[in-house]
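Here are a few notes to read alongside the model, for someone opening it for the first time. They start with the ligand and move on to some backbone details.

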Amino acid sequence: MQVDGRALLTFCSNDYLGLAHHPEIAVAMQEGIARWGVGAGAAHLVNGHFSPHDQLEHALADWLQVERALLFSTGYMANLAVVGGLMGRGDTVIADRLNHASLVDAAQLSGAKLLRYRHTDVADARRQLERASGTRMILTDGVFSMDGDVAPLAALMSLAEEFDAWLVVDDAHGFGVWGEAGRGSLSALGLVSSGVPAYLIQVGTLGKAFGTAGAFVAGAAQPIEVLLQRARSYLFTTAQPPALACATLGSLDLVRTGDARRANLMARVSQFRSELERIGVPQGGGLAAEPMSSPLVQDPHSLALMPSMTPIQPIWVGDSLRALVLAQRLEQRGILVPAIRPPTVPVGSARLRVTLSAGHSSEQVMQLVSALQTSLSQDVLDGHHGA
Ligand SMILES: Cc1ncc(COP(=O)(O)O)c(C=O)c1O
């Protein structure tokens, strides 16, 4: 990227497969504009629903082997729709404490009671389900956006069955990245190989591995029809441009057939983790679960590579100022990595959120590692905050 005239190597984007600049997708969008114009002009249920939207919804449903998929303009709006459309006063949403902000907002806006369970703690989720009343919905990220770890999806599916609850998995960071044909975390864990159960609703965003923009909700025909009829963030907003759906149809093809890209991405992930081990960065376990009780928080010199096998590879720093200083040092060395601080993550759990892409070369990962090594050694020399 060029930032203020300086070339920076970036490790911040969610463009995991490197598709955002893919020429075939750009051409699909240009052809879509030539055929359909620039804007949809109205909401889907008025006259904003065009053939490419319809084709994309069918293609997404076919890819995920579900009855129906519904397109949204953003992932934030898709999440508002799922929770607000299916839940209301008297119902209970049971949510992982580290869920993405859009899921938290969705639960709060729905009017349902919100019970949060400790991060990835299935026993705690069960306790909350036992306390719940009305319709129950378990709400979780598939891959956690700021932590890179994966929800205990098999156990949550069992809980959903046992308690007759909806299970909503926002796999914004899993789709395209792993699973058969890029079908995401549930597929990667072998949980949908013999079909997708009716209680399971998947949310995917298209601005990440797909490299375009927008989102979808996929599941059984009945809840999807309810969303189409009732969800306010579907009804009361202009449909995404049809040309964007043309672009996403192109990227869905590349996602489906993207095994080589996925292999390349996973090779970068392994490389990054083993290189950090080589330069002496410890690997921290379970830090995200209870950040404030982590022994690392007690030691301001400490930092750790968080446990993640996904392209989200956060380096736990703890203190916000120190995270900022480290990010600045990396930037001085030509590397852009964001310092993620509260309120995006809990207080005391600031981190450098490194994201890797199939578009990165192994040399570029080495550049990052060497910049990290120098920035970290300077950090130790300067004392806690490297002022
Ligand atoms: C887990 C998760 N869900 C939803 C969203 C929102 O998606 P969008 O950017 O399309 O609104 C994001 C990030 O953008 C995310 O990380």
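This is a predicted model, in which local features need pLDDT of at least 70, side-chain atom pairs count only at pLDDT 80 or more, and totals for chains, interfaces and linings use all residues. Residues are numbered from 1 along each chain as its sequence is written, and side-chain values use heavy atoms, with hydrogens and water left out.

1. Start with the ligand: 13 residues surround it, and the closest are Gly75, Tyr76, Asp170, His173 and Lys208. A residue is near a molecule if one of its heavy atoms lies within 4 Å of it. By class, this shell has two nonpolar, eight polar and three charged residues. Helix α4 (residues 75–86) gives the largest share, three residues; helices here are DSSP runs (H or I, at least four residues), and strands are too (E, at least two).

2. Now look at the ligand's oxygen atoms. One is 2.7 Å from a backbone N or O atom of Gly75, and a polar backbone atom of Tyr76 lies 2.9 Å from an oxygen atom of the ligand. From Lys208, an N or O atom in the side chain is 2.7 Å from a ligand oxygen atom.

3. Next, the cis peptide bond: it runs from Pro342 to Pro343, with omega near 10°. Pro343 is found in the loop between β14 (339–340) and β15 (350–355). Most peptide bonds are trans.

4. Last, check Asp4, where phi is positive, near 50°. Asp4 sits in the loop between β1 (2–3) and β2 (6–7). Is Asp4 buried or exposed? Asp4 is exposed, with a relative accessible area of 81%; exposed means over 50%, buried under 20%, and partly exposed in between (1.4 Å probe, protein chains only).

Technical notes:
A polar contact is a pair of N or O atoms within 3.5 Å; within protein, one must be able to donate a hydrogen and the other to accept it, and residues adjacent in sequence count only if both atoms are side-chain atoms. Ala, Val, Leu, Ile, Met, Phe, Trp, Tyr, Cys and Pro count as nonpolar, Asp, Glu, Lys and Arg as charged, and the others, Gly among them, as polar.
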